[in-house]
Amino acid sequence: MSDQTKQAHHDHLNGVYNGHAVIIPPPPQQSCYQSPPKRQCCVVNTLMIKVIVGFGIGFTIPLLIFYLSAGPTDVKFYVVAANLTQFDLNYNNNNNGNTLNYNLSLSMAVENPNKKIGIYYDMLGATASYKRERFSWASLPSFYQGHKNTTNLRLNFRGQSLIVLDQSDVSKFNSEKNTGVYYIDVKLYGRMRFKIGSIKTRRVEPEIQCNLRIPLASINGTLARAGRFESTMCDVYY
(Lines give C-alpha, C1' and ligand atoms only; values in the text may rest on other atoms or scores of the structure.)
Protein backbone atom coordinates (compact mmCIF):
# COMPACT_ATOMS: atom_id res chain seq x y z
CA MET A 1 0.00 0.00 0.00
CA SER A 2 1.39 3.48 -1.01
CA ASP A 3 2.02 6.26 1.52
CA GLN A 4 -0.83 8.33 0.01
CA THR A 5 -3.32 5.50 0.34
CA LYS A 6 -2.25 4.86 3.95
CA GLN A 7 -2.69 8.55 4.77
CA ALA A 8 -6.23 8.62 3.29
CA HIS A 9 -7.19 5.53 5.19
CA HIS A 10 -5.79 7.06 8.40
CA ASP A 11 -7.67 10.31 7.86
CA HIS A 12 -10.93 8.41 7.27
CA LEU A 13 -10.60 6.51 10.52
CA ASN A 14 -9.96 9.74 12.43
CA GLY A 15 -12.97 11.43 10.92
CA VAL A 16 -10.93 14.00 8.93
CA TYR A 17 -12.79 15.56 6.05
CA ASN A 18 -10.79 14.99 2.86
CA GLY A 19 -13.04 16.73 0.40
CA HIS A 20 -15.38 13.86 -0.32
CA ALA A 21 -19.11 13.97 0.68
CA VAL A 22 -20.07 11.67 3.53
CA ILE A 23 -23.67 10.42 3.26
CA ILE A 24 -25.31 9.81 6.61
CA PRO A 25 -28.53 7.73 6.39
CA PRO A 26 -31.61 9.40 7.96
CA PRO A 27 -32.99 7.93 11.20
CA PRO A 28 -35.85 5.44 10.78
CA GLN A 29 -39.28 7.05 10.83
CA GLN A 30 -41.73 6.05 13.58
CA SER A 31 -45.14 4.75 12.59
CA CYS A 32 -48.01 7.16 12.97
CA TYR A 33 -50.15 4.36 14.55
CA GLN A 34 -49.79 3.87 18.28
CA SER A 35 -51.49 1.07 20.17
CA PRO A 36 -53.92 2.29 22.78
CA PRO A 37 -52.52 2.42 26.28
CA LYS A 38 -53.08 -0.64 28.42
CA ARG A 39 -54.63 1.52 31.09
CA GLN A 40 -57.52 2.47 28.80
CA CYS A 41 -58.22 -1.24 28.18
CA CYS A 42 -58.29 -1.90 31.92
CA VAL A 43 -60.65 1.03 32.46
CA VAL A 44 -63.03 -0.26 29.76
CA ASN A 45 -62.98 -3.82 31.13
CA THR A 46 -63.58 -2.60 34.68
CA LEU A 47 -66.48 -0.47 33.50
CA MET A 48 -68.06 -3.42 31.67
CA ILE A 49 -67.73 -5.63 34.78
CA LYS A 50 -69.38 -2.95 36.92
CA VAL A 51 -72.26 -2.66 34.46
CA ILE A 52 -72.80 -6.43 34.38
CA VAL A 53 -72.63 -6.76 38.17
CA GLY A 54 -74.94 -3.79 38.63
CA PHE A 55 -77.47 -5.22 36.20
CA GLY A 56 -77.33 -8.60 37.96
CA ILE A 57 -77.88 -7.05 41.39
CA GLY A 58 -80.65 -4.81 40.08
CA PHE A 59 -82.45 -7.82 38.61
CA THR A 60 -81.81 -10.30 41.44
CA ILE A 61 -82.75 -8.18 44.46
CA PRO A 62 -86.32 -7.34 43.32
CA LEU A 63 -86.86 -10.95 42.31
CA LEU A 64 -85.60 -12.16 45.70
CA ILE A 65 -87.81 -9.68 47.55
CA PHE A 66 -90.80 -10.79 45.51
CA TYR A 67 -89.96 -14.44 46.13
CA LEU A 68 -89.64 -13.94 49.88
CA SER A 69 -92.83 -11.87 50.05
CA ALA A 70 -94.70 -14.73 48.39
CA GLY A 71 -93.59 -17.03 51.19
CA PRO A 72 -93.26 -20.26 49.16
CA THR A 73 -93.87 -23.56 50.94
CA ASP A 74 -93.54 -27.06 49.54
CA VAL A 75 -96.65 -28.71 48.17
CA LYS A 76 -97.78 -31.67 50.27
CA PHE A 77 -99.20 -34.98 49.04
CA TYR A 78 -101.14 -37.35 51.27
CA VAL A 79 -102.76 -40.73 50.77
CA VAL A 80 -105.75 -40.34 53.06
CA ALA A 81 -107.60 -43.58 52.28
CA ALA A 82 -106.88 -46.93 50.64
CA ASN A 83 -109.14 -49.82 49.71
CA LEU A 84 -107.42 -53.08 48.74
CA THR A 85 -109.93 -55.80 47.92
CA GLN A 86 -107.66 -58.17 45.99
CA PHE A 87 -103.95 -58.95 46.09
CA ASP A 88 -103.33 -62.54 45.02
CA LEU A 89 -100.09 -64.00 43.76
CA ASN A 90 -100.10 -67.10 41.55
CA TYR A 91 -96.72 -68.81 41.56
CA ASN A 92 -94.97 -69.96 38.42
CA ASN A 93 -92.23 -72.54 38.77
CA ASN A 94 -90.82 -71.90 35.29
CA ASN A 95 -89.05 -68.67 36.42
CA ASN A 96 -91.16 -66.69 33.96
CA GLY A 97 -92.61 -64.54 36.72
CA ASN A 98 -95.57 -64.61 39.04
CA THR A 99 -99.06 -63.47 38.16
CA LEU A 100 -100.45 -60.79 40.47
CA ASN A 101 -104.19 -60.07 40.58
CA TYR A 102 -104.97 -56.77 42.26
CA ASN A 103 -107.74 -54.29 42.96
CA LEU A 104 -106.61 -51.13 44.74
CA SER A 105 -108.14 -47.66 45.01
CA LEU A 106 -106.54 -44.67 46.71
CA SER A 107 -107.85 -41.29 47.81
CA MET A 108 -105.22 -38.57 47.79
CA ALA A 109 -105.11 -34.97 48.99
CA VAL A 110 -102.77 -32.42 47.39
CA GLU A 111 -102.27 -29.38 49.59
CA ASN A 112 -100.97 -26.04 48.34
CA PRO A 113 -100.32 -24.02 51.53
CA ASN A 114 -98.95 -20.94 49.74
CA LYS A 115 -100.84 -17.67 50.00
CA LYS A 116 -99.71 -16.17 46.68
CA ILE A 117 -98.64 -19.11 44.54
CA GLY A 118 -100.88 -21.15 42.23
CA ILE A 119 -99.83 -24.38 40.59
CA TYR A 120 -100.45 -25.80 37.12
CA TYR A 121 -100.35 -29.59 36.98
CA ASP A 122 -99.77 -30.07 33.27
CA MET A 123 -99.31 -33.81 33.63
CA LEU A 124 -99.71 -36.23 36.51
CA GLY A 125 -99.41 -40.00 36.48
CA ALA A 126 -98.85 -42.76 39.02
CA THR A 127 -97.30 -46.23 39.21
CA ALA A 128 -97.88 -48.96 41.77
CA SER A 129 -95.06 -51.34 42.69
CA TYR A 130 -94.54 -54.34 44.92
CA LYS A 131 -91.01 -55.36 45.97
CA ARG A 132 -89.58 -52.96 43.35
CA GLU A 133 -91.68 -54.57 40.62
CA ARG A 134 -94.13 -52.23 38.91
CA PHE A 135 -97.49 -53.87 38.38
CA SER A 136 -99.83 -51.03 37.37
CA TRP A 137 -100.01 -47.47 36.05
CA ALA A 138 -102.71 -44.80 36.17
CA SER A 139 -103.05 -41.28 34.75
CA LEU A 140 -104.75 -38.22 36.19
CA PRO A 141 -106.28 -35.23 34.40
CA SER A 142 -104.35 -31.96 34.30
CA PHE A 143 -105.65 -29.17 36.53
CA TYR A 144 -104.86 -25.81 38.11
CA GLN A 145 -104.64 -25.47 41.86
CA GLY A 146 -105.17 -22.06 43.43
CA HIS A 147 -103.36 -20.72 46.46
CA LYS A 148 -104.33 -22.01 49.93
CA ASN A 149 -106.16 -24.89 48.33
CA THR A 150 -106.48 -28.65 48.82
CA THR A 151 -107.35 -30.82 45.81
CA ASN A 152 -108.67 -34.37 46.15
CA LEU A 153 -107.52 -37.04 43.69
CA ARG A 154 -108.64 -40.60 43.07
CA LEU A 155 -106.38 -43.40 41.85
CA ASN A 156 -107.58 -46.83 40.73
CA PHE A 157 -105.35 -49.81 40.04
CA ARG A 158 -107.13 -52.94 38.90
CA GLY A 159 -106.08 -55.87 36.75
CA GLN A 160 -103.52 -58.61 36.34
CA SER A 161 -99.78 -58.31 35.89
CA LEU A 162 -96.75 -60.54 35.54
CA ILE A 163 -94.02 -59.67 38.05
CA VAL A 164 -90.70 -61.32 38.84
CA LEU A 165 -90.08 -62.10 42.51
CA ASP A 166 -87.18 -64.03 43.95
CA GLN A 167 -87.62 -66.58 46.72
CA SER A 168 -86.99 -63.98 49.41
CA ASP A 169 -89.74 -61.70 48.04
CA VAL A 170 -92.15 -64.64 47.79
CA SER A 171 -91.49 -65.45 51.45
CA LYS A 172 -92.20 -61.82 52.37
CA PHE A 173 -95.44 -61.94 50.39
CA ASN A 174 -96.56 -65.02 52.31
CA SER A 175 -95.73 -63.33 55.59
CA GLU A 176 -97.73 -60.24 54.63
CA LYS A 177 -100.59 -62.44 53.50
CA ASN A 178 -100.71 -64.02 56.94
CA THR A 179 -100.86 -60.63 58.66
CA GLY A 180 -103.31 -59.20 56.12
CA VAL A 181 -101.18 -56.10 55.49
CA TYR A 182 -99.22 -55.44 52.27
CA TYR A 183 -96.40 -52.96 51.70
CA ILE A 184 -97.10 -51.29 48.37
CA ASP A 185 -95.22 -48.35 46.87
CA VAL A 186 -97.01 -45.71 44.79
CA LYS A 187 -94.99 -43.13 42.91
CA LEU A 188 -96.40 -40.06 41.17
CA TYR A 189 -94.72 -38.28 38.29
CA GLY A 190 -95.69 -34.78 37.31
CA ARG A 191 -94.99 -31.69 35.28
CA MET A 192 -95.75 -28.59 37.29
CA ARG A 193 -95.55 -24.84 36.82
CA PHE A 194 -95.88 -22.23 39.54
CA LYS A 195 -97.85 -19.02 39.07
CA ILE A 196 -96.91 -15.94 41.09
CA GLY A 197 -99.16 -13.06 40.11
CA SER A 198 -98.89 -12.89 36.33
CA ILE A 199 -95.53 -14.68 36.26
CA LYS A 200 -95.36 -18.38 35.38
CA THR A 201 -92.23 -20.38 36.05
CA ARG A 202 -90.67 -23.04 33.88
CA ARG A 203 -91.84 -26.61 34.26
CA VAL A 204 -90.46 -28.75 37.03
CA GLU A 205 -90.77 -32.53 37.14
CA PRO A 206 -91.02 -33.74 40.74
CA GLU A 207 -91.28 -37.33 41.94
CA ILE A 208 -93.72 -38.08 44.74
CA GLN A 209 -92.95 -41.26 46.63
CA CYS A 210 -95.65 -42.87 48.80
CA ASN A 211 -94.62 -45.91 50.85
CA LEU A 212 -97.90 -47.46 51.95
CA ARG A 213 -98.91 -50.10 54.46
CA ILE A 214 -102.32 -51.24 53.22
CA PRO A 215 -104.60 -53.76 54.96
CA LEU A 216 -106.62 -56.14 52.84
CA ALA A 217 -110.38 -55.64 52.89
CA SER A 218 -113.01 -58.20 52.01
CA ILE A 219 -114.90 -58.13 48.72
CA ASN A 220 -117.84 -56.25 50.22
CA GLY A 221 -115.55 -53.57 51.62
CA THR A 222 -115.58 -54.60 55.27
CA LEU A 223 -112.34 -54.38 57.21
CA ALA A 224 -110.09 -57.38 57.55
CA ARG A 225 -108.37 -58.35 60.77
CA ALA A 226 -105.49 -55.92 60.11
CA GLY A 227 -107.62 -52.85 60.82
CA ARG A 228 -107.85 -49.50 59.10
CA PHE A 229 -105.47 -47.75 56.75
CA GLU A 230 -103.59 -44.84 58.31
CA SER A 231 -103.21 -41.59 56.38
CA THR A 232 -99.69 -41.36 54.96
CA MET A 233 -97.69 -38.33 53.89
CA CYS A 234 -95.61 -38.78 50.73
CA ASP A 235 -92.08 -37.57 50.06
CA VAL A 236 -91.63 -34.98 47.29
CA TYR A 237 -88.37 -34.78 45.32
CA TYR A 238 -87.66 -31.99 42.82
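Guide: The expected span of a helix is 1.5 Å times one less than its number of residues. The model discussed here is predicted.

Visitor: What makes the reach of helix α3 close to the expected one?

Guide: Helix α3, residues 167–179, has 13 residues, for which 18 Å is expected. From its first C-alpha to its last, α3 reaches 19 Å, close to that value.

Visitor: How do you know which residues of α3 lie on the same side?

Guide: The buried residues of α3 are Asp-169, Val-170, Phe-173 and Glu-176. They cover an arc of only 120° around the axis, and therefore lie on the same side of α3. Among what covers them are β1, β3 and β7. Exposed residues Gln-167 and Asn-178 are carried on the face turned away from the buried side.

Visitor: Why is the pair Cys-210 and Cys-234 called a disulfide?

Guide: Their sulfur atoms are 2.0 Å apart; the limit is 2.5 Å, so the pair qualifies as a disulfide. The torsion about the S-S bond is about 105°, and the disulfide is therefore right-handed. Cys-210 belongs to strand β9 and Cys-234 to the loop between β10 and β11, so the pair ties together parts 24 residues apart in sequence. Both Cys-210 and Cys-234 are buried.

Note on methods:
Residues numbered from 1 in each chain as written. Predicted model: local features only at pLDDT ≥ 70, side-chain atom pairs only at ≥ 80, totals over all residues. Heavy atoms only, no water. Helix = DSSP H or I, 4+ residues; strand = E, 2+ residues; numbered from the N terminus. Buried < 20%, exposed > 50% of the residue type's maximum accessible area, 1.4 Å probe, protein only. Arc of directions from axis to C-beta. Contact = heavy atoms within 4.5 Å.
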